[in-house]
Amino acid sequence: MSSLDSLISNTIRSDVRAIKGYHVADASGFVKLDAMENPYHLPAHLLQELGQRLAAVSLNRYPVASYATLKRRVCEQLGVPDGYDVILGNGSDELISILDMACAQQDRRAVVLAPTPSFVMYQRSAQFAGMDYVGVALKADLSLDLPAMLAAIAEHKPALVYLSYPNNPSGNLFAESDIVAIIAALGDSGIAVVDEAYEPFAQQSFMGRLPEFANLVVMRTVSKLGLAGIRLGYMSAAPELLAQFDKVRPPYNINVLTQAAAEFALDHLDVLNEQASALRAARSELAQALAALPGVTVFPSAANFLLIRVPDADDAYVKLLADKVLIKNVSKMHSVLANCLRVTVSTPEENSVFLAAITASLAAQD
Ligand code: PMP
């Protein structure tokens, strides 16, 4: 064994050595419909103004660590209830790891529980934090299996339950009453994290219900709204609980450019909201067109992506790749997703390219 091999086996955790890194496909030259990004840019005159704002930012100083201005504006403009604050994260990915780090115990393995399939980082982050992960399968129609969730909560006593609302990769909103039942079952022994990454497309939220539940965290991101590149997530909860999480947050985790860009975007939130509205309309059109294709099932979506079932997902995926269209093949994630593909809703032009490519790929399957 080379000295580097032995160094790695002597130092790096075996479970980390055993896994593959989070794979992000190289999308250059592709119509990129794999990551639920907003395809629209800010209008040119706003981009120019943004450039001037960013040029005025002092790069030599650390960010103002309280982020007071940005946090106040997030609270005021994004529907955080009065008396509630937010914590900002370098994307909601970082918020997930902050939650996990704060709840991982030193003397026993605390549990993270989530329905499965759901956002993969819930499991990954739990593993990295040294927690046990329990996944509870969704029903065949991709709704929550509430009795199974409640039984698993009683058995495993999770510290954290993640509920993606709407769920990625299925796109559906779980029943509000099921989520409330889970929050109630957790009581004062577990925290329910309602992950509203796709809220701009669902327009349904638990944010306004924070005052009802001491053990509720509502987490969101600006990524799907059109700002995936700046990496900014936010979460809110009862102030006493939030204060605990804030201790785990790395100081200066939101860089000055992100802060300035986010404040600028909040000045022009109407533009981003209009883009979200266009994408919601495009979602209905694309869903209708796909449903008309023979052999295709389109699942209901409250997000900016659609989950579809086709006769042979692997074959369709490869044919789309050959046509330079990149979507996500989720068919191997879980048996309930057999032959399923996930596609981001995009501009009318890109949606047409996808539609033509999938139509051709299905015709070639016959
Ligand atoms: N939550 C869900 C449900 C997601 O699907 C994603 C990204 N795909 C995230 C969180 C991560 O968002 P961010 O870009 O803010 O890290």
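Domain bounds here come from an automatic or database domain assignment. Keep that in mind as you work through these exercises on a predicted model.

**Exercise 1. Which domains does the assignment give, and how far apart do their C-alpha centres lie?**

Step 1. Start with the bounds: domain 1 covers 19-42 + 270-360, and domain 2 covers 59-267.

Step 2. Now look at the C-alpha centres of domain 1 and domain 2, which lie 25 Å apart. The contact takes 31 residues from domain 1 and 34 residues from domain 2.

**Exercise 2. Describe the interface of domain 1 and domain 2.**

Step 1. Begin with area. The size of an interface is often given as the accessible area lost when the parts come together. Between domain 1 and domain 2, about 2400 Å² is buried, and carbon and sulfur atoms give 66% of this area.

Step 2. Turn to the pairs that cross the interface. There are 8 residue pairs in polar contact between the two domains, while the count of salt bridges between them is 0.

Step 3. Find the elements on the side of domain 1 that touches domain 2. Helix 13 (269-291) and strand 10 (305-309) each supply at least two residues there. Helix 13 gives the most, with 8 residues.

**Exercise 3. What is the strand order in the open sheet of 7 strands, and which strands are at its edges?**

Step 1. Trace the sheet from one side to the other: the order is 2-8-7-6-5-3-4, and the pairing is mixed.

Step 2. Check the ends of that order. Strand 2 (86-89) and strand 4 (132-137) are the edge strands, each pairing on one side only. On average, neighbouring strands of this sheet are turned by 20° against each other, direction ignored.

Step 3. Zoom in on one pair. Strand 2 and strand 8 (residues 233-236) are antiparallel and share 4 bridges. Within this pair, Leu88 has Tyr234 of strand 8 as its bridge partner.

Step 4. Helix 7 (residues 146-156) lies across strand 3 (111-116), strand 4 and strand 5 (160-164), and it runs at about 170° to strand 3.

**Exercise 4. Why is one side of strand 9 and of strand 12 left without a neighbour in the sheet?**

Step 1. Write down the order of this open sheet of 4 strands, 9-10-13-12, with antiparallel pairing.

Step 2. Strand 9 (297-298) and strand 12 (328-329) stand at the edges and have a single partner strand each, so one side of each has no neighbour in the sheet.

Step 3. Now look inside the sheet. Strand 10 and strand 13 (residues 340-344) pair over 5 bridges in the antiparallel sense, and Leu306 has Val343 of strand 13 as its bridge partner.

Step 4. Helix 13 packs on this sheet, where it touches strand 9 and strand 10, and its direction makes about 10° with that of strand 10.

**Exercise 5. Which residue does Asp267 meet in a salt bridge?**

Step 1. The structure holds 15 salt bridges. In one of them, the side chain of Asp267 meets that of Arg53, at 2.5 Å from N to O.

Step 2. Asp267 is in helix 12 (residues 256-267) and Arg53 is in helix 3 (residues 44-55), 214 residues apart.

Methods:
Residues are numbered from 1 along each chain as its sequence is written. This is a predicted model: local features need pLDDT of at least 70, side-chain atom pairs count only at pLDDT 80 or more; totals for chains, interfaces and linings use all residues. Side-chain values use heavy atoms; hydrogens and water are left out. Two strands pair if DSSP finds at least two bridges between them. Axes are lines fitted to C-alpha atoms, for helices over the stretch in contact, and angles run from 0 to 180 degrees between N-to-C directions. Contact means heavy atoms within 4.5 Å. Buried area is the accessible area (1.4 Å probe) that two parts lose on being put together, summed over both. A salt bridge is a side-chain nitrogen of Lys or Arg within 4 Å of a carboxyl oxygen of Asp or Glu. A polar contact is a pair of N or O atoms within 3.5 Å; within protein, one must be able to donate a hydrogen and the other to accept it, and residues adjacent in sequence count only if both atoms are side-chain atoms.
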